[in-house]
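Start with the charged side chains, then turn to the strands.

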Amino acid sequence: MRLRLLLLLALCGAGPTALGRSLSLRGSWRIRSGNGSLELPGRVPGCVHSALLQRGLIQDPYYRFNDLNYRWISLDNWTYSKKFKIPFNISKWQKVNLIFEGVDTVAKVLLNSVPIGKTGNMFKRYSFDITSVVGEVNSLELCFQSPVLYAAQRSKAHGYPVPPDCPPLVQKGQCHVNFIRKEQSSFSWDWGPSFPTQGIWKDVRIEAYNICHLNYFMFSPIYDNHTQGWNLEIESSFDVVSSKPISGQVIVAIPKLQTQQTYSIELQPGERIVELFVKINKNVTVETWWPHGHGNQTGYNMTILFKLDGGLNIEKSAKVYFRTVELIEEPIEGSQGLSFYFKINGLPIFLKGSNWIPADSFQDRVTSDLLRLLLQSAVDANMNTLRVWGGGIYEQDEFYRLCDELGIMVWQDFMFACALYPTDRDFMNSVRAEVAHQIRRLKYHPSIIVWGGNNENEAALMMNWYNIPASELHTYIKDYVILYVKNIRKIVLAEDKTRPFIISSPTNGAESIKEGWLSVNPYDNNFGDVHFYDYISDCWNWKVFPKARFVSEYGYQSWPSFSTLEKVSSEEDWSYNSKFSLHRQHHADGNNEMLLQIGFHFKLPESTDTLQTFKDTIYLTQVMQAQCVKIETEFYRRSRSEIVDGQGYTMGALYWQLNDIWQAPSWASLADSQLVSPTNYHFLSSLSESVGLHKAHITAIISQQGDTFAFDLETSTVAPFVWLDVGSIPGRFSDNGFLMTEKTRTVLFYPWKPTSKSELEQSFRVTSLTDIY
């Protein structure tokens, strides 16, 4: 098997070397509105919304109804501009490139008033040759077009409709998002707002070089079953601007594996690829990378030195991880269909975890610290897998680095979700460049174990979500195969042969392929993975759940804690059926469905105080969600080693969803970024029918232990669903939403920013089920 893994470009070319110079253009820029009536400073990386907020020109976009009030921002055409000097003699360099790691999204790029290119894909890297245009003093402009207006124009110009035209009205979103290569959920979703951003959301820099430039290098560890040894395939891409060939040597060294090899190379002028094959020393034991809970996440430091003619040296370093992954689809004794499970390093592993959505509507607010806190929370909840869902973004580099470090397996979707897509030439060219770039950027991460072509689009087409007439269905089936099979799949197989690719999720896997890439019933429990949602049936009744091979989405809504909602609402909003509560609910009839599910096993709040009733209802939605997800998850875990009536052998359970994007009802299990119900227990009857429960009086003594705080709890009686809340103080409890059966219990609080014992004492609130009756 052949694989090349990409080391991030940031490791490959930025910074001065003997061959070139680099100038970052991060930092201060100017931003102006389409008619020039508004001009303000902004930051790069960043977006227009963030710039307006930082200057006090808008309120918190998440406050009350601001997602509607601020629609004018995304409907305008904004311009980013920057004047800068080159701090080195530009005339001494043979070639100068302008590099954008990420532009959001549609823009014309002008340098010194000369058009040098266009951008139209949030997920692509752009490189523009500016050798003939750049000077000592320069003016750079990106003239953005409204993503909403652009998407509408592209839809109108297309020869036939590509559904859905618009999201459901309850989502309060924008239309035609499938016509723009941008975060699909930025036009709204059933858990998130519509904030179609504009801006430069990743790094931008100038690169100047002579002779040759290392564009990137990729590497991939390959296990050879025949020799029972590890090899490393390395691919390096050079731009050779010298008029003559360049000779030299490459030295690859992995000291801890006692491996060092030297190769001779010759680079001809132009774009050149150098491929190397490194045999790892068989006399040294290679420790493999394992998912959390199954072993260590061992990696090895590697250096690559290119020693070229004239004493020119390029040295790069990277961390190499060794692991294998297989997707097993094979017959099962006593069952129809095929298995669907993953082997890591030859060991079958049950994937337990959740689905990941963008952590914020504005990516410049997603810091490394925030990612670490969220991912560490997943590990602390004993998860080993996250699915990066296909309607968001390919996450930033730090996300995958942390998953490597923490042992979190990643199911990585490509960014296509809940829609059909056009396949015109411009769109397909853009998609091909996007997919190739993202594979090369990400594939060296051992945490990524599978590529997924899209989210729910096989089901959308074959279950006819969009009421396409039967006579027209063939057109959309053809487009589907062109996009995901003839293009995306083809690129994946060419670029990355070390991990599996599935066309869609849910899919019937091998059976879908057998049926021409689209299965008549993509939700067949005997094949592939399924998504399952049922808000009407009693979630305590395990018989309603599918005994499937793999369940990659399932879940229930809840409201976030009142302390979270309080920051983005006013007093008039604090009731369950307020205008605000209805506005924040983007799932049709979601608020009533939560009450229905609560009513199966709990009493609805009885307080005459409207605010208290609201708080109690919020609490009950969280209790209900925790119970429902727990019961359903346990069902899937019980099903992994059994076949009942021909069904079972479930080898994965990824609930929807881990994190929230704003303060609203959603399926998220982190709203205050705290863990929900990690302790397991079972009730023999509904608590609404229980006898002998008394009101629990719970007190807490808080003490500090280094950076952690201990909450020593004491209760007067058995207390179901004890919920600890410290208001707006960010952090997480070691346990929450638990059943307190003993008189005392200690829970630890891990703050995410400095706080004090007195601050915690003032903010602390504790609720249990009997408090609301």
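Arg365 and Asp360 meet through their side chains in a salt bridge, 3.3 Å from N to O. The term means a side-chain nitrogen of Lys or Arg within 4 Å of a carboxyl oxygen of Asp or Glu. Arg365 is partly exposed, because its relative accessibility is 29%. Asp360 is buried at 10%. Buried is under 20% relative accessible area, exposed over 50%, partly exposed in between (1.4 Å probe, protein chains only).

This is a predicted model: local features need pLDDT of at least 70, side-chain atom pairs count only at pLDDT 80 or more, and totals for chains, interfaces and linings use all residues. Residues are numbered from 1 along each chain as its sequence is written, and side-chain values use heavy atoms, with hydrogens and water left out.

The salt-bridge count comes to 29. Two further pairs are listed here.

| Pair | N to O distance |
|---|---|
| Arg181 and Glu434 | 2.9 Å |
| Glu495 and Arg440 | 2.9 Å |

Glu495 lies in helix α10 (residues 473-495) and Arg440 in helix α8, so this pair ties together parts 55 residues apart in sequence. Helices (H or I, at least four residues) and strands (E, at least two) are DSSP runs, numbered from the N terminus. Glu495 is buried at 9%; Arg440 is partly exposed at 26%. Arg181 and Glu434 are both buried.

Now the sheet. 4 strands form an open antiparallel sheet in the order β37-β38-β42-β40. Strands pair if DSSP finds at least two bridges between them. β37 (698-705) and β40 (731-733) are the edges, each with a single partner strand, so one side of each lacks a neighbour in the sheet. β37 pairs with β38 (residues 708-715) over 8 bridges.
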